[in-house]
Amino acid sequence: MARNPFPATYADISESNLPAELHPRYTTVEYAVQRQVPPIPPVFLFVIDTCLIEEELQELKSALIMALSLLPENALVGLIIFGKTVQLFELGFEELPKSYVFNGTKEINAKQIDTLLSLGGRTAAPARNPQMPANTAGPKGNRFLMPFSDCEFTITSILEELQPDPNPVKSDKRPFRSTGVALSVATALLEATYPGSGARVMLFTGGPCTQGPGMVVSEDLREPIRSHTDLLKDHSKHTKKATKYYESVAKRAVGNGHVIDVFASSLDQIGFYEMQEIVKRTGGLCVLSDDFAGDMFKQSFQKIFKPDEKGNLPMAFNANIEIQTSKELKVCGAIGHCSGLGKKGPGVAETEIGMGNTTAWRACGLDANTALAFFFEVVNQHANPLTPGQRGFIQIVTDYQNATGQKIRRVTTLARPWANVEVNPSLTAPPGTLQGQDAVAQGFDQETATTLMARIAVYKAETEEAFDILRWLDRMLIRLISKFGTYRKDDPQSLTLSPNFSIYPQFMFHLRRSHFLQVFNNSPDETAFFRYILNRENVTSSLIMIQPTLESYSFEGPPVPVLLASTSVQADKILLLDTFFRVVVHYGENIAAWRKQGYHLDPSHENFRQLLQAPKDDAEQLMKRRFPIPRYVECDQHTSQARFLLATVDPVITHTSMGGGPGQSGGEIVSTDDVNMRVFMDHLKKLAVQS
């Protein structure tokens with residue numbers, strides 16, 4: 001058996017001088033991996049849609065030039081533009097812009113790119129320059145992907161002179177847009193030049209692909225882009241073929257460790273539903289906005305390149321994640337923005353959740369907000385009884401490349417005690433300790449459980465009917481409450497829950513009503529985007545998406561959190577709603593009337609001016625911390641945009657109840673057939689306690 005030698009610093013180990021790995025508080029340790037060759041800087045390949053109106057293209061060009069100024073000087077950059085055709089620019093030709101033009105209807109692979117551009121082959125001999133890493137395509141590949149410091153003037157000049165696609169577009173037609181081929185060329189170029197190195201393909205588009213592989217809708221405007229109804233009835237003739245194509249592009253990118261990002265600007269759909277796999281499987285970023293001039297795109301895009309406290313870009317590349325467990329645990333799978341590597345072994349569980357049948361995954365792109373969910377199952381707990389005090393172990397090893405090109409190994413080790421659910425704690429537990437079901441209940445984290453259940457439900461939603469998923473959520477909730485609740489059989493009013501379970505049912509109520517599972521009034525692109533964001537965010541952000549926060553502002557004092565219910569809508573109050581995707585400032589009827597009369601402009605009503613300003617300031621702070629930047633909405637009670645609030649709150653008062661009942665006076669009436677939380681909880685109690 002081969003053994004790794006300990007570092008020299010381990011020679012002085014003692015109880016008072018322990019290395020970081022042996023400190024119980026240090027569950028995660030990072031190691032810088034030393035390599036023989038110099039680190040390869042990150043690669044950024046910009047893919048720009050020129051089928052935009054002049055104003056939109058100008059705003060996009062300004063944003064790109066700003067982003068270039070934030071890149072490290074040694075970062076490698078490349079440029080592709082597309083419309084009816086696809087153009088790859090040779091940045092090493094400084095005399096005048098020089099590009100290679102590709103047919104917008106034909107897919108391009110790495111071998112063809114290698115031949116057409118004379119890149120010298122993927123397995124080229126070591127470069128003459130000793131500073132050039134051996135696994136690059138050498139100087140020939142650098143004509144298209146060059147250090148920013150060497151091509152700053154060239155690429156900036158090309159961007160400044162960029163014009164909209166010259167092909168005429170009739171009034172009843174869409175522009176010819178070769179998005180699929182542009183992504184194919186970008187993926188093939190990186191595959192032929194920098195396989196296995198950190199790289200990003202950053203796609204900027206203003207509409208759906210209308211020709212060639214990846215087409216989601218034809219150029220004829222008489223053909224509408226698919227809706228959820230079309231997908232349900234299988235009336236979308238392009239979706240399956242386009243989805244399969246983009247999955248193949250994603251597979252190529254994952255195989256080489258490259259990220260694909262999508263930044264879209266359109267009032268209509270752009271085909272993200274079909275394209276979502278290229279972002280999800282590679283760990284890419286996505287921003288869907290109405291225009292490139294708005295804050296949603298500009299501020300979100302700036303955040304990507306904002307340096308961290310060390311002056312480096314806040315991103316990591318080409319991560320391989322492997323999990324090892326003690327023999328009592330097996331890995332069911334992962335749900336998040338990664339791809340399974342198909343690594344078999346004794347740690348693979350028979351039950352598959354998400355991307356299973358493996359103990360290793362690849363996430364081509366990581367950042368501070370990336371959160372992956374891993375699922376485990378306990379095996380042989382009855383056949384092999386566990387010794388009291390025994391622990392289960394999980395170790396997660398992540399190898400990645402940081403923004404400077406340095407290889408890092410990040411090791412997280414966790415140990416948790418086992419609890420035998422079948423034993424009677426009163427008979428086996430020492431005084432002051434918890435065993436059996438009590439120990440399990442004490443360790444239950446309802447916020448994390450809600451997030452994990454939401455991810456499983458969203459994963460199921462890709463292949464199952466929404467009705468079946470809702471029934472599954474209901475069954476799981478009833479089983480949980482029946483097992484851990486305290487009650488008398490067939491007496492719903494006797495049911496009580498411990499604090500660790502008390503708000504879990506209301507999380508499930510809001511999850512059932514959320515746009516992750518309810519697609520009404522959302523396009524397929526919006527639904528895919530909402531689910532994409534849920535699968536990359538941490539527990540805190542996920543809970544805001546599932547159960548948004550609501551704060552009330554009034555003359556009575558500082559802002560206070562209020563129930564997410566229609567009874568919280570009052571005429572003399574301002575509400576701040578945070579759904580993660582939208583931040584809504586809602587003015588009550590009286591507040592709106594006073595504002596329209598200009599009372600806030602009168603110095604004698606300074607308190608009113610401050611009241612109006614307070615939610616705006618808080619909303620701005622919320623939006624600064626968020627990626628992507630949420631949409632900001634200001635609305636008055638009883639106006640059309642108040643629907644963003646009314647569609648989210650618990651409909652305590654509806655058009656059928658009309659404010660009847662105790663505690664319902666003064667709220668807003670919601671016209672809906674949805675049941676409210678009180679009815680939901682009454683049914684849950686009845687089903688949970690029945691014999």
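Is Asp474 buried or exposed? Asp474 is buried, with a relative accessible area of 15%; buried means under 20% relative accessible area, exposed over 50%, and partly exposed in between, with a 1.4 Å probe and protein chains only. The model is predicted: local features need pLDDT of at least 70, side-chain atom pairs count only at pLDDT 80 or more, and totals for chains, interfaces and linings use all residues. Residues are numbered from 1 along each chain as its sequence is written, and side-chain values use heavy atoms, leaving out hydrogens and water.

**Salt bridges**

- The whole structure contains 34 salt bridges, a salt bridge being a side-chain nitrogen of Lys or Arg within 4 Å of a carboxyl oxygen of Asp or Glu.
- Asp474 takes part in one with Arg471, at 2.8 Å from N to O.
- Arg471 and Asp474 are about one helical turn from each other because they sit three residues apart in helix α12 (residues 466–484); helices (H or I, at least four residues) and strands (E, at least two) are DSSP runs, numbered from the N terminus.
- Arg471 has a relative accessible area of 29% and is partly exposed.
- Another salt bridge joins Arg513 to Asp674, at 3.7 Å from N to O.
- This pair links distant parts of the chain, 161 residues apart: Arg513 is in helix α13 (residues 504–513), and Asp674 is in the loop between α18 (643–646) and α19 (677–689).
- Arg513 is partly exposed at 21% relative accessible area, and Asp674 is partly exposed at 40%.
- In a further salt bridge, the closest N and O atoms of Asp682 and Arg678 are 3.9 Å apart.
- Asp682 and Arg678 lie four residues apart in helix α19, so about one helical turn separates them.
- Asp682 is partly exposed, at 37% relative accessible area, whereas Arg678 counts as exposed at 53%.

**Helix packing**

- Helix α1 (residues 54–70) packs against helix α8 (residues 295–305) at an angle of about 20°, and their axes are 9 Å apart.
- α1 is therefore roughly parallel to α8, a term for angles under 35 degrees.

**Surface patch**

- A nonpolar patch on the surface consists of Ile13, Leu18 and Leu22, which together have about 240 Å² of accessible area.
- Patches are made of residues with over 30% relative accessible area and no salt bridge, with like charges joined within 9 Å and nonpolar side chains (Val, Leu, Ile, Met, Phe, Trp, Tyr) within 5 Å.
- Ile13 belongs to the segment before β1 (28–33) and counts as partly exposed, at 38% relative accessibility.

How values were computed. Accessible areas come from the Shrake-Rupley method with a 1.4 Å probe; for residues, only the protein chains shown count as cover. Axes are lines fitted to C-alpha atoms, for helices over the stretch in contact, and angles run from 0 to 180 degrees between N-to-C directions. Angles under 35 degrees count as roughly parallel, over 145 as roughly antiparallel, 65 to 115 as roughly perpendicular and the rest as oblique.
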